[in-house]
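Subject: The structure we talked about

Hi,

Here is the structure for you to open alongside this message. My notes on what turned up follow below it.

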Amino acid sequence: MSSVHADPTPPPRSGAPAQIAVTGLAVMGRNLARNLARNGFRVAVHNRSQARTDALIEEFGHEGEFTPAADLPALVASLEQPRKIIIMVKAGEPTDAVIDELVPLLDEGDIVVDAGNAHFADTRRREDALKAKGLHFVGSGVSGGEEGALNGPSIMPGGSPESYAALEPMLTKISAHVNGEPCCVHVGPDGAGHFVKMLHNGIEYADMQLIAEAYDLLRHVLGLSATEIADVFLEWNRGDLESFLIEITAEVLSQVDESTGGPFVDVVLDQAEQKGTGRWTVQVALDLGIPVSGMAEAVFARSLSGDVVRRTAAAGVLPGPSEAKADVDRDAFIDDVRHALYSSKLVAYAQGFDAIRAASDQYNWNIDLGAMATIWRGGCIIRARFLDRIKEAYDRDADLPSLLVDDYFKDAVTSGQDGWRRVVATAATVGVPAPGFSAALSYYDGLRAERLPAALIQGLRDLFGAHTYRRTDRGGTFHLDWSGDRKEHQA
Ligand code: 6PG
């Protein structure tokens with residue numbers, strides 16, 4: 001994290017033009033602007049409704065050199081050239097509206113940065129349009145929530161190398177740092193930065209789903225209380241699972257609700273919401289042909305949780321297993337769940353990195369996968385100790401076909417897989433849903449299988465639709481005359 005502290009006395013104003021601007025001063029934009037100012041950069045700030053700009057100056061004006069601007073022309077006029085303007089507004093139409101208003105005010109070489117959670121296809125379109133006008137458009141992922149934006153986020157900028165060169169000193173300075181290294185790197189051209197941020201969020205979804213399943217199993221199979229489970233997570237956070245999400249799980253589970261005196265988690269409505277980045281990840285992965293089953297199950301589990309109509313119709317109506325108790329040893333089961341969580345998480349990351357590689361190949365982004373793991377080690381929501389292991393895996397072999405075949409990952413899954421299997425079996429036996437754990441295990445078994453039943457699927461396709469098949473013993477494509485003499489023909 002950046003270690004800049006606010007100084008209560010305003011710094012002397014240099015009078016020099018602002019070095020960078022932020023438009024859109026809701027909490028993320030405001031905190032990014034403050035982070036820049038606290039790191040010594042002169043920041044011009046603007047918001048559509050002036051009240052937010054005024055509030056920022058009044059509350060935090062002493063933190064650095066801010067130039068408030070009443071409108072976009074004033075914002076643009078306050079900047080040194082080439083201008084660097086960060087847009088921090090809602091993804092979608094609001095972003096296009098700001099770009100449309102901004103572009104006529106800019107000069108060749110100016111740089112527009114969209115630091116919101118944009119869809120990478122929108123970023124590609126915008127980058128193309130601005131390039132045609134001689135402008136740079138940088139779609140940049142920023143992760144870490146409001147706290148990260150203020151004290152050091154993980155930053156994933158896309159766009160041209162020239163625009164990154166101009167932004168680099170600022171972005172690396174305000175980003176989180178791990179072992180002295182900034183959690184910010186140029187991801188690749190056009191939509192690469194936003195693609196990687198989208199994948200980060202997909203992994204975030206999978207990670208949270210797996211954590212939720214671990215909690216659910218400990219609660220229902222062992223009957224542990226929320227605070228006891230908080231202690232289990234705290235303990236796990238001292239080992240390989242150490243991560244921000246495990247740490248805050250312990251925090252949420254140990255929270256007591258003020259009005260009922262019971263666990264906070266018990267009074268929260270069990271309907272998980274979503275703003276869309278997880279869903280995008282799965283949609284895009286479907287198009288790329290990359291199985292991201294961990295993320296897909298996480299998105300579906302959120303959808304199911306929110307499907308009140310069907311849940312109400314089924315709860316208490318559809319029977320569960322006759323044997324709803326599992327005969328397990330407490331400590332052994334906790335350890336099995338830890339293995340299930342870690343192994344499933346490794347699968348989710350392996351799938352996520354497969355998707356990044358596939359997109360990088362498709363769009364010629366040339367993304368350095370190890371570098372992505374490096375910039376996720378700090379600042380972002382999925383920051384975790386084991387990201388070092390991913391970096392090391394790609395250092396060993398940049399062309400690794402799957403993270404799961406790297407020695408570290410292979411050993412981790414091998415040592416945990418018996419426990420993982422017991423957990424999936426126990427969940428099925430007692431009727432506790434564990435879609436993340438079981439989908440991850442099925443993926444693992446599918447990946448390692450020497451022969452898959454896909455052969456039968458090919459046979460069926462050929463029978464009903466003459467879709468042809470290939471053979472194991474020789475090249476070519478074949479069709480069998482199913483309704484005739486059942487002889488094989490070269491297709
Ligand atoms: C981050 C987060 C951030 C946001 C998610 C939440 O990296 O800082 O991912 O982007 O918290 O978008 O997403 P949902 O509302 O869809 O869960």
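Please keep in mind that this is a predicted model, where local features need pLDDT of at least 70, side-chain atom pairs count only at pLDDT 80 or more, and totals for chains, interfaces and linings use all residues. Residues are numbered from 1 along each chain as its sequence is written, and side-chain values use heavy atoms, with hydrogens and water left out.

Let me start with the core. The largest nonpolar core holds 95 residues, and Phe 233, Trp 376 and Phe 437 have the most contacts inside it. Helix 15 gives the most to this core, with 16 residues. (A nonpolar core is a set of buried Ala, Val, Leu, Ile, Met, Phe, Trp, Tyr and Cys residues joined through side-chain atoms within 4.5 Å; buried means under 20% relative accessible area, exposed over 50%, and partly exposed in between, with a 1.4 Å probe and protein chains only. Helices are DSSP runs of H or I, at least four residues, numbered from the N terminus.) A second, separate core of 28 residues includes Ala 115, Val 138, Ile 155 and Cys 184.

Next, two helix pairs. Helix 8 (residues 192-222) packs against helix 9 (residues 226-236) at about 130 degrees, with the axes 10 Å apart. Here axes are lines fitted to C-alpha atoms over the stretch in contact, and angles run from 0 to 180 degrees between N-to-C directions. The two helices are therefore oblique to each other; angles under 35 degrees count as roughly parallel, over 145 as roughly antiparallel, 65 to 115 as roughly perpendicular and the rest as oblique. Ile 211, Ala 214, Tyr 215, Leu 218 and Arg 219 of helix 8 meet Ala 226, Ile 229, Val 232, Phe 233 and Trp 236 of helix 9, where contact means heavy atoms within 4.5 Å.

The axes of helix 15 (residues 330-363) and helix 17 (residues 387-396) come within 12 Å and cross at roughly 50 degrees, so this pair is oblique too. From helix 15, Tyr 349, Phe 353 and Arg 357 meet Leu 387, Ile 390 and Tyr 394 in helix 17.

Asp 399 is exposed, with a relative accessible area of 62%. Asp 399 and Leu 369 are 30 residues apart in sequence and 9.5 Å apart in space, C-alpha to C-alpha.
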